[in-house]
Amino acid sequence: LLAGLTVFFEIAGKSAIRDYAKTRSWLSTSVHTKLVLPGQNEIDIVSRESEIVYSSNGVEISIKDQNDLSQPVLPKQDEFNTLIVPYGRRSRVTLPDNTVVWLNSGSKLIYPVRFDADKREVFLEGEAIFDVSRNEDHPFFVLTNQLDVKVLGTVFNLSAYNDDKTVKTVLKFGSVELRYKSNFLGLLLKKEMAPGMMAVFDPLEKSIVQTKVNTENHTSWKDGYFIFEQQSLEGIAKKLSRYYNVPIEFEDPKLASETFTGYLDLRESAINVMHMISEIVDIEAIQENNKISIRKKGPF
């Protein structure tokens with residue numbers, strides 16, 4: 001019986017898009033955002049803030065400031081597009097069902113060239129904000145390596161970087177259902193979220209902790225600023241390093257636990273943003289070539 005249950009849940013968890021994601025290297029070596037079409041046709045998108053819009057049938061692809069594209073869409077065939085956004089870049093993509101996705105730096109989104117009749121399914125590595133077009137007959141699923149999200153019609157931020165210890169979901173509007181496998185026989189567990197909540201999933205413990213948050217603090221990056229409330233400098237440095245594609249290091253590891261509360265304008269350079277932080281926190285930031293070092297502020 002136990003063996004049968006295990007096989008059942010392994011079969012139930014299979015997904016063509018998840019299998020495809022395992023065959024793709026997660027980040028391109030290109031400094032540009034890259035759109036990969038079926039047949040390994042790769043298109044470089046040179047702008048730092050790119051915008052891609054699909055037609056309702058998935059055939060026509062419009063890329064802002066570049067030539068429009070088209071791709072064949074064959075019935076009943078699993079073919080996918082992959083959007084790879086390296087560190088220092090961001091992208092907005094409108095899918096054929098009018099769902100809008102903002103991809104943060106260092107992220108990858110895989111999605112079908114057309115959605116199946118029964119469900120809509122995409123795969124994410126990294127961080128994205130989803131504004132999902134509501135269709136109760138065709139639920140929307142966001143799959144990650146550790147956690148899946150079932151969506152009706154909603155706006156939420158999902159952070160699932162491979163080098164982070166947890167997966168964070170912040171729900172702004174609507175409702176979502178988090179799905180993950182337990183440590184016992186890999187049984188499928190489900191947990192619903194309410195608006196204004198953040199769910200932190202621990203892949204090792206297979207546990208979810210939900211807390212009330214200001215959702216703007218977790219979605220403001222798409223509008224070009226960060227809002228932090230008692231955030232550690234270690235966490236801030238990691239976000240800024242991804243956003244600007246600049247290594248940020250602490251000369252004294254103890255400084256990483258210092259906290260900062262405030263607003264950071266991401267239209268400024270990375271070193272200027274660090275200078276904003278140093279006006280409040282007792283640190284100074286020094287840029288040498290393409291690296292920023294943080295040290296304790298010296299005497300005047």
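A residue is called buried here if its relative accessible area is under 20%, exposed if over 50% and partly exposed in between (1.4 Å probe, protein chains only). The structure is a predicted model, in which local features need pLDDT of at least 70 and side-chain atom pairs count only at pLDDT 80 or more, while totals for chains, interfaces and linings use all residues. Residues are numbered from 1 along each chain as its sequence is written, and side-chain values use heavy atoms, with hydrogens and water left out.

Ser 159 is buried because its relative accessible area is 11%. The residue belongs to strand S13; strands (E, at least two residues) and helices (H or I, at least four) are DSSP runs, numbered from the N terminus. Contacts are defined by heavy atoms within 4.5 Å. With neighbours within four places in sequence set aside, Ser 159 is in contact with Gly 126, Glu 127, Asp 164, Thr 166, Val 167 and Lys 168.

Asp 131 lies in strand S10, which covers residues 120-131. With a relative accessible area of 31%, Asp 131 is partly exposed.

Nonpolar cores were taken as sets of buried Ala, Val, Leu, Ile, Met, Phe, Trp, Tyr and Cys residues joined through side-chain atoms within 4.5 Å. The largest such core has 40 residues, of which Leu 35, Phe 130 and Phe 156 touch the most other members. Strand S10 gives the most to this core, with 4 residues. Apart from it lies another core, of 29 residues, which includes Trp 102, Ile 129, Leu 266 and Ile 283. Among the residues that Phe 156 touches, beyond four places in sequence, are Ala 128, Phe 130, Val 142, Leu 171 and Val 176.

Aromatic pairs were assigned to rings of Phe, Tyr and Trp (its six-membered ring) with centres within 6.5 Å; planes under 30 degrees apart count as stacked, over 60 as edge-to-face and the rest as tilted. The count comes to 10 aromatic pairs. Tyr 54 and Tyr 111 form an edge-to-face pair, with 5.5 Å centre to centre and 85° between the planes. This pair links distant parts of the chain, with Tyr 54 in strand S3 (residues 49-54) and Tyr 111 in strand S9 (residues 107-112), 57 residues apart. Tyr 54 is buried at a relative accessible area of 5%, and Tyr 111 is buried at 0%. Phe 130 and Phe 156 form a stacked pair, at 5.2 Å centre to centre and 15° between the planes. The pair links S10, which holds Phe 130, to strand S13 (residues 155-160), which holds Phe 156, across 26 residues. Both phenylalanines are buried, and ring pairs link Phe 130 and Phe 156 with Phe 115 and Phe 140 into a cluster.

A charge was taken to sit over a ring if NZ of Lys or CZ of Arg is within 6 Å of the ring centre and within 35 degrees of the ring normal. The charged end of Arg 90 sits over the ring of Tyr 243, 3.6 Å from its centre. For Arg 242 over the ring of Tyr 161, the distance to the centre is 3.5 Å.
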